[in-house]
Structure formats: C-alpha cells, structure tokens
Amino acid sequence: MDTLSLFDFDKAQIHRLGAGFLLGIDEAGRGPLAGPVVACACHIPPCLASLLMDVNDSKKLTERKRNEIFERLQQMNIPYGVGFASAAEIDRLNILQATFLAMRRAAQRFINLPQAVALVDGPHSVAELKLRQEPVVDGDAKSLAIAAASIIAKVTRDRYMAGLDILYPGYDFAGHKGYGTAKHMRALSRLGPCKEHRTSFAPVRKLLTPPALLP
C-alpha cells in the first residue's frame, strides 16, 4: 500500500469518526528482553501527506530508511509526542499495561485538543487514554499517521538502546536492541542481567539467583 493509500485510509477515518484532528499511535519494543517500550503519538497534516510517499510500517523499512524518514519528519515539524515505559515499569505492570502507559505519555500533548481522535495500532483500546480512540489491527500497514508513529517510536528506541550499549558494555544493546538473539543470550549467561533487563520475562528470570528472591 502506497502513502497516498495510507492517507486515504486516514481521510476515511476522519470522515467516519467525525474527527477534527487525527493521531496515529504505535509502539516499539514489546518483545525485547531489555530496555523500555517506547510509544509515539503522531499527527500528519493533510497538506504534507504527499511529501511522505515513502512512509510505511517501520518493520518493512531498512534501518537507514527509517532514520532518513525520521530526520525528514523532524525537519517538517510534524507534531508528535513520545512516551517511555521502563524495564522496571514493565516488570511491575506487565508488558501490555506498560505499553498503554507509554502510549498515554506519548499522547499527553494532544489530550486537550477538541475533536481529536487517536487511531491505535493493534486490537486493544488503550486503558485510561483521555482521547477518543479507535483500535486498528495492522494499523501501521493501513494508516499514514500510525506508520509515521511506528517509525518515530522505532528510531527513538533504537537510539536509546545505542546509548545503553555505552552504559552497559558487553551486551551489544546497539546491535540487537535488547531482543533475545543468540549473542544476547550468550552475554546474559556470561554477565548476568543488568538494570535494563526485564526480569519478568522468562529468559531473564531464569538466570536470576537465588530463585527464592524472585518476585
């Protein structure tokens, strides 16, 4: 689906929902064993949609292309907000609720806009989100606003993980971004978990000792 088709989807939702202002909300980092989950809430002004012909679901783009589009969105002053939920919050709340927390934080700058409606990637409504919302399954492949949010969330998280690589050398966070690759698992076995690991996730949890102290 090309970008004009993605924006056609958004225009149809604006009409269907009676929205005066449309947001796309998406996240990055639900699956990794380390680092935060990061969400973005993004608005694409209709007058700029034709300038974003190469925007797509972040998973379908190369890292180089994601970074290129991210920088262009910055230069175009696309309005967006980013929210983080830390590894500790993920462990305390569970990954779904922590994702909702990150999404609420990302959308905070938009909650007082009249007639704002958020298209949220996935099958779930965001708990306690102070905006009208519409879940969209596979939304990052359907909606321009969600696709742009997916890119911003992904690039923001990847750069954060590169920073963690400096703080916690040996895990190669810059390379695998916290996902459970073979290299990451070998480092975990050798070094043990650090503060940025999600201790509620089974591959990390089983490395903690003594087991009696596990939450």
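# Values set against their definitions

Reader: Why is Cys47 called exposed?

Author: Cys47 has a relative accessible area of 63%, and a residue counts as exposed over 50%, as buried under 20% and as partly exposed in between, with a 1.4 Å probe and protein chains only, so Cys47 belongs to the exposed class. This is a predicted model, in which local features need pLDDT of at least 70 and side-chain atom pairs count only at pLDDT 80 or more, while totals for chains, interfaces and linings use all residues. Residues are numbered from 1 along each chain as its sequence is written, and side-chain values use heavy atoms, with hydrogens and water left out.

Reader: How do you know that Cys47 is too far for a bond with the closest cysteine sulfur?

Author: The closest cysteine sulfur to that of Cys47 is in Cys42, at 13 Å, whereas a disulfide is a pair of cysteine sulfur atoms within 2.5 Å, and therefore the separation is too far for a bond. A search of the whole structure finds zero disulfides. Cys42 is likewise in no disulfide, its nearest cysteine sulfur being that of Cys40, 5.1 Å away.

Reader: What makes Cys42 buried?

Author: The relative accessible area of Cys42 is 0%, so this cysteine falls under the limit for buried residues.

Reader: Why does Ala39 count as buried, and what does Ala39 touch?

Author: Ala39, placed in strand β2 (residues 37-42), where strands (E, at least two residues) and helices (H or I, at least four) are DSSP runs numbered from the N terminus, has 0% relative accessibility and therefore counts as buried. With contact taken as heavy atoms within 4.5 Å, and not counting residues up to four places away in sequence, Ala39 touches Asp26, Glu27, Gly81, Val82, Gly83, Ala102, Met103, Ala106 and Ala153.

Reader: What makes Asp140 buried, and where is Asp140 found?

Author: Asp140 is found in the loop between β5 (132-136) and α5 (144-167), and its relative accessible area of 6% lies under the limit for buried residues, so the label applies. Leaving aside its neighbours within four places in sequence, Asp140 is in contact with Asp26, Asn56, Asp57, Lys59, Asp121, Ile146, Ala147 and Ser150.

Reader: What is counted as the largest pocket, and which residues are the closest to its centre?

Author: A pocket is an open set of points, on a 1 Å grid over the protein atoms alone, with protein on both sides within 12 Å along at least five of seven lines, and its lining residues have an atom within 4 Å of a point. The largest pocket holds about 370 Å³ of space, and of its 24 lining residues the closest to the centre are Asp26, Glu27, Ala28, Arg30 and Asp121. At least two lining residues come from each of β1 (21-28), α4 (95-107), β4 (116-121) and α5. The lining divides into seven nonpolar, six polar and eleven charged residues, where Asp, Glu, Lys and Arg count as charged, Ala, Val, Leu, Ile, Met, Phe, Trp, Tyr, Cys and Pro as nonpolar, and the others, Gly among them, as polar.

Reader: How do you know that the buried residues of α7 line one face of the helix?

Author: In helix α7 (residues 182-191), the buried residues are His184, Ala187 and Leu188. Seen down the axis of α7, they fall within an arc of 100°, the arc being that of the directions from the helix axis to the C-beta atoms, so they line one face. An α-helix has 3.6 residues a turn, so residues three or four places apart point the same way. The buried residues of α7 pack against α6 (173-176) and α8 (202-205), while Ala182, Arg186, Ser189 and Arg190 are exposed on the other side. Gly192, whose phi is positive, near 80°, follows α7.

Reader: Why are Asn94, Leu93 and Glu71 called partly exposed?

Author: Asn94 has 40% relative accessibility, Leu93 has 29% and Glu71 has a relative accessible area of 33%, so each value lies in between the limits for buried and exposed residues. Asn94 lies in the loop between α3 (87-93) and α4, with a positive phi near 95° although the residue is not glycine. Leu93 lies in helix α3 and touches Ala98 and Leu101, not counting residues up to four places away in sequence. Glu71 is found in helix α2 (residues 63-75).

Methods: On a 1 Å grid over the protein atoms alone, a cavity is a set of points where a 1.4 Å probe fits but cannot get out, and a pocket is an open set with protein on both sides within 12 Å along at least five of seven lines; lining residues have an atom within 4 Å of a point. Grid points are joined across faces, edges and corners, and a volume is the space filled by probe spheres set on the points.
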